[in-house]
Amino acid sequence: MDRLHAMEVYVRVVETGSFSKAAKEFAITQPTVTKLVAAIEERLKVRLLNRNTRGVSVTESGALYYEKCKVIVRESDEADNIVRLRQTQAQGLLRIGTSVAFGRRVVTPLALDFMAKHPQVQIDLSFEDRYIDLVANGIDLAIRMGKLADSTLGARFLGVNPWLMVASPKYLRKQGVPKQANDLSRHPALIYSSVLGDDVWRMTTPKGETLTVPVAGRLRSNNLSAVLAAARNGFGIAAMPHYVASDSLKSGHVVEVLRGHTLPEQEIHAVFPSPKLVPGKVLAFIAYLQSRLGERWWDDLPKA
């Protein structure tokens, strides 16, 4: 016997004074209601209700049991409502995982704006460039670049992360401006070492040709800010995400090299522990990110 369900039925029998009315409310038969109440009495070894032709009346023990059951049923309903509310609305603690550069430059200002729009949400923001296990680390949502591997995780597409090549105007005046992709072999490359195949830059020419260009240089780093700093200071040509170079492009500290040659862009996904029963806070943040990471989203970033 489901004790909570039996209590719910018993409460309504007492409040309506009728087995048949309680049965109708729960869409069950009157004999089923009678059996549920009888089962409670058998388990407690006490009579809770007196039955007669006019209906039912509550015994002294039955009245005491009714008062306690009413509290339990109400608390159970409140517990269900709280969980449903958290599942459907944006509230509670949202734990987000993201890479260092993207997290600092893109996710942080967006998360702060999301918090301003949703006062019931608290955010725990973790920066890691390594792969992390969402379940083991208690992450509600992670933002990942590139193609997703098959997994049991839930995922939503957010947008794309384009890359470009940049150098400082001073460097280009001194060393010359590359006119075609093969010219890059004569220039020092500033290499971001966290990308697979970082010694080879793959690109598509304005004519649609796909090229692979081997590059080499004096600086290699797994930190995009370091690579950008080297480019701004005239140490060579760097390939990096557009969002990293955005402010420096606007200020003129760097300019785009080989404009019209496109580097591979990365897909941006939100991933979360399970595709089923996704919490409202996670769905709300995903919808917000999708609204902000649309066409040329990197042009609308706040100044770093």
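This is a predicted model: local features need pLDDT of at least 70, side-chain atom pairs count only at pLDDT 80 or more; totals for chains, interfaces and linings use all residues.

Biologist: How much space lies in the largest cavity, and which residues line it?

Modeller: About 40 Å³. The lining is made of V100, A101, D129, Y192, N222, N223 and L224. By class, that lining has four nonpolar, two polar and one charged residues.

Biologist: Now the open spaces. What volume does the largest pocket have?

Modeller: A pocket, unlike a cavity, is an open set of points. The largest pocket has a volume of about 1000 Å³. It is lined by 39 residues, and M145, W163, S194, V195 and Q266 lie nearest its centre.

Biologist: Which element gives the largest share of that lining?

Modeller: β5, with four residues. Several elements supply at least two residues each, including β3 (92–98), α5 (100–117), β5 (141–145) and β14 (266–272). Sorted by class, the lining of the largest pocket holds 22 nonpolar, eight polar and nine charged residues.

Biologist: And the second largest pocket: how much space lies there, and which residues are closest to its centre?

Modeller: About 270 Å³. Of its 14 lining residues, W163, L164, H242, E256 and T262 are the closest to the centre. Both β7 (163–167) and α8 (242–251) supply at least two residues of this lining, which divides into six nonpolar, four polar and four charged.

Methods:
Residues are numbered from 1 along each chain as its sequence is written. Side-chain values use heavy atoms; hydrogens and water are left out. On a 1 Å grid over the protein atoms alone, a cavity is a set of points where a 1.4 Å probe fits but cannot get out, and a pocket is an open set with protein on both sides within 12 Å along at least five of seven lines; lining residues have an atom within 4 Å of a point. Grid points are joined across faces, edges and corners, and a volume is the space filled by probe spheres set on the points. Ala, Val, Leu, Ile, Met, Phe, Trp, Tyr, Cys and Pro count as nonpolar, Asp, Glu, Lys and Arg as charged, and the others, Gly among them, as polar.
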